[in-house]
Amino acid sequence: MYNLTCDVAIIGGGPAGLSAAVAAKKESGGRVLVIERDESIGGILQQCIHPGFGLTYFKEELTGPEYAGRFADEAKELGVEFLLNSMVLEMDEKSGTVTCVNREYGMTAITAKSIILAMGCRERTRANIMIPGSRPAGVYTAGSAQRLVNRQNEMVGKKVVILGSGDIGMIMARRMTLEGAKVLAVIELMDYLAGLTRNKVQCLDDFEIPLYLSHTITKIEGYQRVKGVYFAKVDENKKPIQETEQYIECDTILLSVGLIPENELTRKALIDISSITNGPKVNQYMQTSSENVFACGNVVHVNDLVDNVSTESIKAGKFAAQYAMNTLPKEEKAVENIAGENVRYLCPQSISVSPESEKVSLYFRVLHPDQNVKIIARDGDKVLASKKRIRVNPGEMEEITFNTGYISGSSVTVEVVKEGQES
C-alpha cells in the first residue's frame, strides 16, 4: 500500500474543498492535500457555464469555471497538493487515516492530523420520489442533463417538462431553451418556489416558461422513450386532485427535486448526523463530533449560493489547520442551537464557547414563506441579535450573527416572527 502523510487532508476538490484548502494553507503553511475522485478539480462548477457566481464573495459576476478557477489557481500558488483520480473508500478518524484507491498508486493510505469532509451532494432521482408510470428513456436529473449538454455537447431532448423548481432545474430550463428545445412547463409540488427568486425571473419569466405551483406529475407515459406526462394540482396534504389532471406531450423529463449530502463516509465513521440536513452536526469551527474531523459545503447542508459554501469552507480550513497545529480555541462549554418558530434547522448546530469572545453566524432556512418579519436570536429571554426582513422563503438561506461573549445559558434559539408580534 502506498502511504502519504500531511497536516490537513481534504476529501473533495469542488468549491468547498478548494476554499478550505486555500484557508488551511494560509493558516498553517503545512502540507495540505486534496483528494479528488475526478480527473480534474472544480467539482460541479465545471459544468455550470452560466454567469451568476461570485456576486457576494468576489463582488463581480463569474461563470462556474471562472469561480472555481480563482480558488484553484490560488491553491496551486500556495503549494496545496492534489491527489486526483482517487476514490476514498473509508476514513478512520481515530488514527486520522483516509484510505483511497488511486489510478497511479493503487491502494493509498493518507494519514493526517485533521481531516475535512467536502464531498458535496448528489441529486434525488426518480427512485427517490417514486413517480408512477413506465420506465422509458428520456428521464434525467437536471444536473446530469446539464453535464451532458455543457461538457459533452449532447442534446438530451426537444420537448421538455421539468419537475421541481430547484435552481438547477430553472437554470436548465433557460439552457435548453437557448439550445433550441421547447420547455413546456416547470411543475412544483409546493406552493412556493424551491430555488432563488432571481432564477425564476431570469430563467422562467424572461423566456415565458410556465410555472405550476402546487402541482405534481402523476404518471409518465412511453415505452422506449418518454411520450408525455400527466400532472395534476395537489391538495393541502400533497395528494393529487384527479379532476385537475392534464396531459403534456413531451420527449424529456428533467428532475430538480432536491439534493442529498454525500455522507456515506461520515456515517461509516459514526459521526453524528442531523436528521434534518442529513449532514454532520458541526460547531462554529465546522468541527464534527470527531474532534479531528471538520466538514463544509453541501456535505453539511445544501446551500443556494456557492459564495456561502466558500465562506463556510474557509472557516473549516482555518480551524482544521489550527487543530493540526494544536492552536484551536479550548472549549469551556458547548451551547446547543435550537430552531424556533418558522426555522427548519440551524447550522452550526452548536457553539463551542471559549474564554475569548468571537462573532458567530448561524445559517438557516425557514419552514414557510412570510413577509415583514423579524429574525431573533435569544439566550433565554435575552435577545442576542435581531434584524428585519421584508420577506423570507425556504429556497433562500438566511443568517444571523452575534457575539459569543453575550451567551450565558446552555442554548440559543433562533425564531422568525411577524414584526410587532415578538415577545
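**Chat on loops, rings and charges**

Q: Where does Lys238 sit?
A: In this model, which is a predicted one, Lys238 is placed in the loop between β15 (228-233) and β16 (246-249).

Q: What's phi doing at Lys238?
A: Phi of Lys238 is near 65°, which is a positive value in a residue other than glycine.

Q: Which loop holds Asn278, and what is its phi?
A: Asn278 belongs to the loop between α7 (264-268) and β19 (293-295), and although Asn278 is not a glycine, its phi is positive, at about 65°. With a relative accessible area of 27%, Asn278 is partly exposed.

Q: Staying with the backbone, what kind of peptide bond joins Cys347 and Pro348?
A: The bond between Cys347 and Pro348 is cis, with omega at about 5°, and Pro348 itself is found in the loop between β21 (345-347) and β22 (350-353).

Q: Switching to aromatics: how many aromatic pairs are there?
A: The count comes to 10 aromatic pairs. One of them is formed by Tyr57 and Phe71, whose ring centres are 5.5 Å apart and whose planes are at 45°, a tilted arrangement.

Q: Where in the chain are Tyr57 and Phe71?
A: Tyr57 is in the loop between β3 (51-53) and β4 (62-63), while Phe71 is in helix α2 (residues 64-78), so that the pair links distant parts of the chain, 14 residues apart.

Q: Why is Phe71 called buried?
A: Phe71 is buried because its relative accessible area is 4%, and the cut-off for that class is under 20%. Tyr57, by contrast, has a relative accessible area of 33% and is therefore partly exposed.

Q: Which residues make up the aromatic cluster with Tyr57?
A: Tyr57, Phe58, Tyr67 and Phe71 form one aromatic cluster.

Q: What lies over the face of Phe58?
A: Arg70 does, at 5.0 Å from the centre of the Phe58 ring.

Q: Then which residue forms a salt bridge with Arg70?
A: The partner is Glu60, and the closest N and O atoms of the two residues are 3.0 Å apart. This pair, too, links distant parts of the chain, with Glu60 in the loop between β3 and β4 and Arg70 in helix α2, 10 residues apart.

Q: How accessible are those two, Glu60 and Arg70?
A: Glu60 has a relative accessibility of 33% and so counts as partly exposed, and Arg70 counts as partly exposed as well, at 35%.

Q: How many salt bridges are there in the whole structure?
A: A search of the whole structure finds 16 salt bridges.

Q: What about Glu396 and Arg391?
A: Glu396 has a relative accessibility of 15% and therefore counts as buried, while Arg391 is partly exposed, with a relative accessible area of 36%.

Q: Which residues are linked in a network of salt bridges?
A: Arg122, Glu262 and Glu264 are linked in such a network.

Q: New topic, the nonpolar surface: which residues form the patch?
A: Met1, Met87, Leu89, Val101 and Met107 form a nonpolar patch on the surface, and together they have about 450 Å² of accessible area.

Q: Last one: what does UniProt list for residues 7-305?
A: In an unreviewed entry, UniProt lists residues 7-305 as "domain: FAD/NAD(P)-binding". Over that stretch, residues 7-305, the chain in this model is 22% helix and 29% strand, and the C-alpha atoms at its ends are 29 Å apart.

Notes: Residues are numbered from 1 along each chain as its sequence is written. This is a predicted model: local features need pLDDT of at least 70, side-chain atom pairs count only at pLDDT 80 or more; totals for chains, interfaces and linings use all residues. Side-chain values use heavy atoms; hydrogens and water are left out. Patches are made of residues with over 30% relative accessible area and no salt bridge: like charges are joined within 9 Å, nonpolar side chains (Val, Leu, Ile, Met, Phe, Trp, Tyr) within 5 Å. Accessible areas come from the Shrake-Rupley method with a 1.4 Å probe; for residues, only the protein chains shown count as cover. A salt bridge is a side-chain nitrogen of Lys or Arg within 4 Å of a carboxyl oxygen of Asp or Glu. Rings of Phe, Tyr and Trp (its six-membered ring) pair if their centres lie within 6.5 Å; planes under 30 degrees apart count as stacked, over 60 as edge-to-face and the rest as tilted. Helices (H or I, at least four residues) and strands (E, at least two) are DSSP runs, numbered from the N terminus. Buried means under 20% relative accessible area, exposed over 50%, partly exposed in between (1.4 Å probe, protein chains only). A charge sits over a ring if NZ of Lys or CZ of Arg is within 6 Å of the ring centre and within 35 degrees of the ring normal. UniProt positions are given in the numbering used here, feature names are shortened, and annotations may be inferred rather than shown by experiment.
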